[in-house]
Amino acid sequence: MLGTVKVSSGDTELELLPNRKVLSVLVRLAISPGEVVRREYLMEMLWPEEDQALQQGRLRTTLSLIRKMLGDAHEALAADRSTVSLLHNQVITDRAQFLQAFAQADKATDHETRLHWLQQAAQTYQGLLAPEIQEEWIETERSYLASLYQKTLLQASLLFLRLQNHERAFIYALKAVETDPLQEEAQAHLMRIQMAAGDHAAARQQYMLLEKRMLKTLGISPSPETLAIISGDSRQQHGGQQEGISLAASPHNRQNLIFGREAELQAIVEQLKPEAQAGQLLTLTGPGGIGKTSIAREALQSLAPLYRQRVWFVRLADLIAASQIEGAILRAMHISQVPGLHPLNQIVEYLADEPALLVLDTFEHLLEDGRLLTGALMEMAPALRILVTSRRSLHLPGEAVLPIGPLVLPDFCGETAELAERFEQFITTPAAQMFTHRAKAVRTGFQVAIEEQEDFLWLCRRLEGIPLAIELAAAKTGVLTLGQIRSLLEKSYHILTEARESKEERHRSLTAAIEWSYHLLTTPQKKLFCFLSLFSGGCPSGALCIPEQNVMPDSLLTGLNCVDALRNSSLITVQESSGDMFYHMPDSMKEFGREKLSSQERRALEIGILQWYREQAEKQNLKLRTLERSKALRWFRREQSNLFRCMEIADTQHLREEELRLGYSLCRYFWVRGMAQDGLHLMQHVLNRIPFEEEQTCLRARLMAHTAILCWDRGKHQEALKYLEAIIPLLREKENGLVLAEALFIHALVMMQSNASQHTIITAELQEALLLARAAGYQQDIARALFGLGSLSNDPQKQREYLVESIQIAESAGDQERVVWSRFGLANLCMHQEQFPLAEHILQQAHMLAVQLEDIRAQASLCQAFANLYNLSGRQQEKMLWMLRGTEMFRQSGHLLGYINSSLGCIAYMVTHNRSAEAQQILQRLYADIVRTDRTDNLTILFEEMTLRSVEFGLYTVGARLLGKISSHTGYIMHEAYQSLASGMGEQALQEEMEIGKISEAEHLLQYYFHSVESLPGLVE
């Protein structure tokens, strides 16, 4: 493909068809053998103006012609209804051979090997990539390969020059000039070779030819550095030399302390000390504002004595071309440039063979050409060590890279710790120390007041450990309170701007620091950067296929190259998780990227992201009942912030159907994860916000049914019934049997828990749900209805038939979760029939499957079933172990009602077995967990439930203490709880007061009994 397109099969060259579209498709596939290319992409590439049906027909014809042209080798072309590819194990291209040779040269550590591979690469490159194709899509790849070829020639020429082979050096340099006559660096290198060979006239003629071309084409003259090459060969004495400088070129302010970088500083010193065996080059990489320059200056202070002050700090930020680097180094050394002597030779001559250290600060904008100069400098001065700060690494042989990340922030364990504890944990961290140090510089005596602690913690997390962001925010404390700074930062990062002129422009604001890196990107890289900014969490690699984002105009390879470029530019980090790669960027960069998008671009991209995540969530939701449950849960956990962001997008873009469908998929995740309260608040917000629309009745009903499950999980039975009783008539009217069957089952389930006396109604609903499910042929709903009937039936024979059939259907449908619960019901039936060994066997099967599914809620219920089994069979010690295990499982699952019942069961057992101290610990933990994890609107219901269960377990003192405590806090009179407690205690006076409605008198009596019954002293303090 390089120079011209030829196709061979074995030793036979195939005849190319005179069809440009055939050639374009063949070359596009051959660029990346093995890459699966979508048919839609090829159609848009070749026939962008035509309708889809015509595109499809023409592509089929084109692929047929390619197969015919390939003849016996046609099997190399793989195509299905949606994709096309060339099999990588059957295709060899000169493009791949060229790239491989260049990569091998880049990895080589010795001159001979490196030169071999460079010559191999130069020989392979026979010309522009597929010059027969004149279409826009190929230009990026063509330019990329041409630039690599230019680098190959220059690197080979430089190596031949160092080996004193001027003839070969000249040949490769001349080829580089012929490839791109306007590249000044190649022209300058050719002149150096001519001067070194003594052909000064040829060098001057080459300069005049370059000058003429540049003036005519670009309107500028060659740089002074290029002119200096031919200005003469007399060597003058160096002027103004001195043995070293103590950072005079870039004075280091010792008051500008750095924090939390001890490990990085130690690594730099170990790597760069003169006697170290490591390589000559160490590059500090990281995003703008991360503190690379400050760390380099601090390291230089430590290293200067080891080099006898032969250390120099060279600022490159103000340079606009790599050709200026040599002059900047000479100025940092306080050396006057000698006319006629090339600056590089002058630097090397001055450094001689003594150890020396150069810091080249802010290298990223000079990278492409500057890396060649750096490599030459290291080759010519082997005793020299170089420390580079750059947002991108140089990719030179032997280069060591030390990434500089944000200051580490502590994990506050989900914010469960008290504020004072979190603040004490955080105030000693480097981020907090830096903030307070900088704040004291602008406000004497600055300290964080108690009422400002929450704002301070929020600010430090919002600033993400980025030193520049911390410094700029702390500078605002001179005119704003921490609360005011927080309020402004909640809206935008634009507040982080430095007013003083003393700062470099690129560090005067956080936005400017990001802009500096953004400016260095290519157009496709900028598109990808803006696309990634729209993700709340990291962007999974699979999301790059979202068609609307248009970040890969040429190929998947180009897109992945863009990802790699962003990573190398320290704009994103790449992390592997569960077999996928994720691309992350700080929130400040996300804000910057979003602002670069027009409202139309952002809308299109966000809709694409929303639809992609909704599709993924629906797929993962189906897996939550199967053996892939754990994998699906990991996906939901990992993508949770992105999924929440998609719900916001659906709301702001008024995409109601997408919002309802995504909400439905999230409901089950919330329930499984024990996050019912969070899910309930979100779904209620969605349902209250979305107006009723006729065409969305079934979608809305399905979401309401699963919202009812979340209500039931939180003990809000009446609220759950309201949702269900509102949608069941609508579903009957719509004749949607599938959703109606689901709603009827959920309604029956809630009724069983809240009003078991409605046995006939519940049975009728389950039978109707079963009929509807059988009619629809939906196996999971059939198994679910059978389970409900099996749990409710009073006929043991019928009960067994229902449950056995439920297990069989669930297993055939792959609904392993239903298999667990149906086995749970069957084991309970066996216990009631005193078939204890069989019950134990069934429970063990169910428990093993629940563990395999990572279903903590099912495991908790099975633990309670084991405890019941061992109680009935007289194995009390095992009963208690399973009760405690079940209590902990319920606690982990977030199922509060199960946790309450299980905990109180343990307490009752311990009270009757004289283990009051352990009972007290369990009750205190239960009380603290409920208060901490639940919200006020549900506490009353939960504590009433807890009081009623206390009476049921005979824990009258516990119930009385809870009742008195909650009544005094909320002012709410739990009439039913009082009556249950009075009945359970059997106190006639208390019952009489309750019967005539004298609540206050009953409370006084209750307090009397509360103080007189002290079986568990001090349980609820």
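Arg-308 is found in the loop that runs between helix α12 (292-303) and strand β7 (311-315), where helices (H or I, at least four residues) and strands (E, at least two) are DSSP runs numbered from the N terminus. In this predicted model, local features need pLDDT of at least 70, side-chain atom pairs count only at pLDDT 80 or more, and totals for chains, interfaces and linings use all residues. Residues are numbered from 1 along each chain as its sequence is written, and side-chain values use heavy atoms, with hydrogens and water left out. The phi of Arg-308 is near 55°, a positive value in a residue other than glycine, and Arg-308 is exposed, with a relative accessible area of 55%; buried means under 20% relative accessible area, exposed over 50%, and partly exposed in between (1.4 Å probe, protein chains only). His-395, in the loop between β9 (384-390) and β10 (400-403), takes a positive phi near 60° and counts as partly exposed at 40% relative accessibility.

The protein chain contains 46 helices and 13 strands, and 53% of its 1021 residues count as buried. Of the contacts with a separation of 6 or more, 68% are between residues 24 or more positions apart, a contact being heavy atoms within 4.5 Å. The mean pLDDT of the chain is 81, and 85% of the residues reach 70 or more, pLDDT being the predictor's confidence in each residue, from 0 to 100. Over residues 233-256 the pLDDT is below 50, although this stretch has 59 contacts in the model beyond near neighbours in sequence. Residues 969-973 also have a pLDDT below 50, with eight contacts beyond near neighbours in sequence.

The largest nonpolar core has 146 residues, and those with the most contacts inside it are Phe-529, Phe-531, Leu-532 and Leu-666; such a core is a set of buried Ala, Val, Leu, Ile, Met, Phe, Trp, Tyr and Cys residues joined through side-chain atoms within 4.5 Å. Helix α32 (residues 737-754) gives the most to this core, with 11 residues. Apart from it lies another core of 62 residues, which includes Val-25, Ala-105, Trp-137 and Leu-148.

After α13 comes His-334, whose phi is positive, near 60°.

The structure holds 41 salt bridges, each being a side-chain nitrogen of Lys or Arg within 4 Å of a carboxyl oxygen of Asp or Glu. In one of them, Asp-564 pairs with Arg-567, the closest N and O atoms being 2.6 Å apart; both residues lie in helix α23 (residues 556-568), three residues apart, about one turn of the helix. Asp-564 is partly exposed at 32% relative accessible area, and Arg-567 is partly exposed at 39%. In another bridge, the closest N and O atoms of Arg-629 and Asp-855 are 3.4 Å apart, and the pair links distant parts of the chain, with Arg-629 in helix α26 (residues 629-638) and Asp-855 in the loop between α37 (836-853) and α38 (856-872), 226 residues apart. Arg-629 is buried at 1% relative accessibility, and Asp-855 is buried at 3%. The side chains of Arg-875 and Glu-840 also meet in a salt bridge (3.6 Å, N to O); Arg-875 lies in the loop between α38 and α39 (876-893) and Glu-840 in helix α37, so the pair ties together parts that are 35 residues apart in sequence. Salt bridges that share partners join Arg-625, Arg-629, Arg-668, Asp-815, Glu-817 and Asp-855 into one network.
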